[in-house]
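Biologist: Before we start, please show me the model. I will ask how you know each thing you say about it.

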Amino acid sequence: MLIDSHCHLNFPEFEGDLDACLERARNLGVRGFLTVNTKLSQSLDLQKIADTYQNIWCSVGVHPHDAEEHDHDTLMQDIENLCAHEKVVALGETGLDYYYDNSPRDLQKKAFSIHL
């Protein structure tokens, strides 16, 4: 059994084609999907996708590129609240990305620490 452990089913490329895309993947043997969050503002969209399909789960997290877009004073509570959803099975996307430096390193470190 194959499981896609890192996909972004809420990205615009799937809009209007998600059912067909999932069917193509199933025909190739993929039986489960983990759609990975990058922005907390999109968490409810991911949860809706996961609720719609039996074999899709989601994560909650802040991508390091977007670390500066979040209120770090409430981030832990926001993540904990979103993790209460039954189809949330992972934290992420998170980490440090010093290659692109799209967010200041200190804020990346802070967001990553909160995830840990």
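Biologist: Is glutamine 108 buried or exposed, and why does it count as that?

Modeller: This is a predicted model, so everything here is computed from predicted atoms. Buried means under 20% relative accessible area. Glutamine 108 has 0% relative accessibility, so it counts as buried. Glutamine 108 sits in helix H4, residues 105–115.

Biologist: Which residues does glutamine 108 touch, not counting residues up to four places away in sequence?

Modeller: Pro64, Ala67, Gly95, Leu96, Asp97, Tyr98, Asp101 and Ser103.

Biologist: Why does aspartate 101 count as partly exposed?

Modeller: Partly exposed is the range between the buried limit of 20% and the exposed limit of 50%. The relative accessibility of aspartate 101 is 36%, so partly exposed is the term for it. Aspartate 101 belongs to the loop between E4 and H4.

Biologist: What is the phi of aspartate 101?

Modeller: Aspartate 101 is not a glycine, yet its phi is positive, about 55°. Most residues other than glycine have a negative phi. Glycine 29, which follows H1, also has a positive phi, near 100°.

Biologist: What makes the peptide bond from glycine 92 to glutamate 93 cis?

Modeller: Its omega is near 20°, and the bond is cis. Most peptide bonds are trans. Glutamate 93 is in the loop between E4 and H4.

Biologist: What is the strand order of the sheet, and how are the strands paired?

Modeller: The sheet is open, with 4 strands in the order E1-E2-E3-E4, and the pairing is parallel. Strand E1 (2–7) and strand E4 (88–91) are the edge strands, since each pairs on one side only. From one strand to the next, the twist averages 25°.

Biologist: How do you know that E1 and E2 pair?

Modeller: Two strands pair if there are at least two bridges between them. E1 and E2 have 4 bridges, in the parallel sense, so they meet the definition. Aspartate 4, for instance, has phenylalanine 33 in E2 as its bridge partner.

Biologist: How many bridges join E2 to E3?

Modeller: There are 3 bridges, and E2 and E3 run parallel. The bridge partner of threonine 35 is cysteine 58 in E3. Strand E3 (residues 56–60) also pairs with E4 in the parallel sense, over 3 bridges. There, valine 60 has leucine 91 of E4 as its bridge partner.

Biologist: Why is E2 said to be largely enclosed by the rest of the structure?

Modeller: Because 5 of the 6 residues of E2 are buried.

Biologist: What makes a right-handed β-α-β unit here?

Modeller: E1, H1 and E2 make it. The term right-handed is used because, with the strands pointing away from the viewer, the path from the first strand over the helix to the second runs clockwise.

Biologist: Where do helices H1 and H3 lie?

Modeller: Helix H1 (residues 18–27) lies across E2 (30–35) and E3, at about 135° to E2. Helix H3 (residues 75–83) lies across E3 and E4, at about 150° to E4.

Biologist: Which residues of H1 are buried?

Modeller: Leu18, Cys21, Leu22 and Ala25 are the buried ones. These residues are on the same side of H1 because they cover an arc of only 95° around the axis. Asp19 and Asn27, on the other side of H1, are exposed. The cover over the buried residues includes E2, helix H2 (43–52) and E3.

Biologist: Which residues of the largest nonpolar core touch the most other members?

Modeller: Out of 23 residues, they are Leu9, Leu22, Phe33, Leu40, Ile56 and Leu75. At least two residues of this core come from each of H1, E2, H2, E3, H3 and H4. In soluble globular proteins, nonpolar side chains tend to be buried together.

Biologist: What is leucine 75 in contact with, leaving aside its neighbours within four places in sequence?

Modeller: Leucine 75 is in contact with Leu40, Val62, His70, Ala111 and Ile114.

Biologist: Why does glutamate 68 count as partly exposed?

Modeller: Its relative accessibility is 45%, so glutamate 68 counts as partly exposed; the exposed class needs over 50%. Glutamate 68 lies in the loop between E3 and H3. Its C-alpha atom and that of alanine 111 are separated by 8.7 Å, while the two residues are 43 residues apart along the chain.

Methods:
Residues are numbered from 1 along each chain as its sequence is written. This is a predicted model: local features need pLDDT of at least 70, side-chain atom pairs count only at pLDDT 80 or more; totals for chains, interfaces and linings use all residues. Side-chain values use heavy atoms; hydrogens and water are left out. Axes are lines fitted to C-alpha atoms, for helices over the stretch in contact, and angles run from 0 to 180 degrees between N-to-C directions. Contact means heavy atoms within 4.5 Å. Buried means under 20% relative accessible area, exposed over 50%, partly exposed in between (1.4 Å probe, protein chains only). The arc is that of the directions from the helix axis to the C-beta atoms. A nonpolar core is a set of buried Ala, Val, Leu, Ile, Met, Phe, Trp, Tyr and Cys residues joined through side-chain atoms within 4.5 Å.
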